[in-house]
Amino acid sequence: MKITADEVLHVAELARLKIDETDLERFAVQLGSILEYVASLERVDTSGVAPTAHAVLTRNAFRPDEEHRSIDRDRALENAPDSENGFFVVPKIIE
Amino acid sequence: MSEKAPYELTIHEAQALLAAKEISAAELTESVLCRIENIEPMVDAYITICRETARKEAAAADKAIAEGKAGPLTGIPLAIKDLICTKGHRTTCASKMLADFTPPYDAMVMEKLHSHGAVMVGKANMDEFAMGSSTENSAFKTTRNPWALERIPGGSSGGSAAAVAADMCLGSLGSDTGGSIRQPASHCGVVGLKPTYGRVSRYGLVAFASSLDQIGPITKDVTDAAILLTAISGYDRRDSTSIDKPVADLSRDLDAGVKNMTIGIPREYMEQDGVDPEVQQAVVNAVEVMKEAGATCVDISLPHTDHAVAAYYLVAPAEASSNLARYDGVKYGFRDGSAAGNLKEMYINTRSAGFGAEVRRRILLGTYALSSGYYDAYYKKASQIRTLIRQDFEAAFTTCDIILSPVAPTAAFAIGEKADDPLQMYLSDIFTLSANMAGIPGISVPCGVTTGGLPVGLQLMGNYFEEAQLLKAAYTYEQASGMHLKKPSIHRNGSL
């Protein structure tokens, strides 16, 4: 299965990635050959087969609704690229 | 018999010497740090070496030993794969994205190792975000195979395996999403175990594919794997997929033998194309060893084997694309905000500059498989195949206790050999990734050395939560074959 340069760019946009000219051709070829390979799954009859999302866990994991101490604000902000007055700083969102 | 240097010891040997006060934890750690000084420039197994904290931890271990409070890991120098969060030590995932990230907390496995008094000598190199089979995808360095420095050590836990093989630690922790513990262990001639999914808490493990990831030990022999796995296993309420089952001491009764065991040999694995004849022969020889030890060996079938790689390379990238959405340059990690006029541009610039090529490739593949119009054909289809793979194993385990196979189709390949062909790299995971899809445990133990001088691994897989039986089978093979005693001869001057 082939994947076009436009499709790669569309998926990249969804994934918030930018693909430059030199990578675009290479990625399209590589992704195309991977998709061609995985297309073999079409031949497997899976009608009536339930999908597996987790191999071992079969139930939801409930826990008591109790308060626990989490890391405090200063520590949570320690690794932030930019912070001010106890907040994360990001570029302008509203024009 | 020549005396071993302290860094050459196994965990259980070192433990005995520490208990007998024939060596101190400080001497043991110093010996390993000195070995790292000599060998690391050739192997490049570590991203960070933690000399000062290791010395402090060793001093604390000596105090615990003096007070009679020592456990099996007290004072034992270990390497930790650099995607396991270590409080106060940067945890990079071998990515530019997390190059300066210092976690404010410890992973559950680190809490456990600290409580046992273990010593962390360093953070081991890996493929970026654990995506790869060669450790060539690290943003920092390519680790070299201690058996042949121009070859890859395997991946993604290549640094963890190479550090053990080159005696730059006594044991290590890796993580395994599709073979990332077992394959590098095989390529480096050491033991690597992927536990049952849910046996070891993933709290503090940087996520790649959450339904497949599992932390496990890489060690010099099976006894050490049992000791290390016992120490890190157990329920943790902070990981909702952690399973609340009692933890047995897995190092007990390892010598119980295999006389009551039935070992299944999957014909789809043995008849697979592209398997090196020397690898094939080493596995056939291992079957004979197990028969001589008293095991019953039977032919079994895992009919969906041929579809496992394709299903895995949809499920794992789909989960990765979702997990890696968190790297947005806001809360932690790298930010490229220089040219960003708005938030979305900042996200795009950050992610495009922060992730390497393989990570971006897998995010694209996963996003594609999950995107509108393709979800049913790709992600859902792959998840259905996953059910069939799981059912294959469930059926097999009604007729056998252990499944025996190769770990990888070939011994370690040359650095650069498969770097431009991701699909070829993916296909080399054929024997290991089914265990992740099904959630069962698997172990790699050394089973031979090729005429070219490269180690070959034997894979044994067990039923859910049957790590004890798996380790008994592996121990029986190891002791009967003596293959774990073969070591690379790597010395300071770089000669092999």
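Let me begin with a definition: a charge sits over a ring if NZ of Lys or CZ of Arg is within 6 Å of the ring centre and within 35 degrees of the ring normal. By that criterion the charged end of B:Lys418 sits over the ring of B:Phe413, 4.5 Å from its centre, and B:Lys245 lies over the face of B:Phe465, at 5.1 Å from the ring centre.

Please keep in mind that this is a predicted model, in which local features need pLDDT of at least 70 and side-chain atom pairs count only at pLDDT 80 or more, while totals for chains, interfaces and linings use all residues. Residues are numbered from 1 along each chain as its sequence is written, chains are lettered from A and ligands numbered from 1 in the order in which they are written, and side-chain values use heavy atoms, with hydrogens and water left out.

Turning to the aromatic residues, rings of Phe, Tyr and Trp (its six-membered ring) pair if their centres lie within 6.5 Å, with planes under 30 degrees apart counted as stacked, over 60 as edge-to-face and the rest as tilted. Over all chains there are 14 such pairs, and one of them, B:Phe101 with B:Tyr332, is tilted, at 5.3 Å centre to centre and 35° between the planes. B:Phe101 lies in the loop between β2 and α4 of chain B and B:Tyr332 in the loop between α10 and α11, so the pair ties together parts that are 231 residues apart in sequence; helices here are DSSP runs of H or I, at least four residues, and strands runs of E, at least two, numbered from the N terminus. Both residues belong to one aromatic cluster, together with B:Phe129, B:Tyr327 and B:Phe355.
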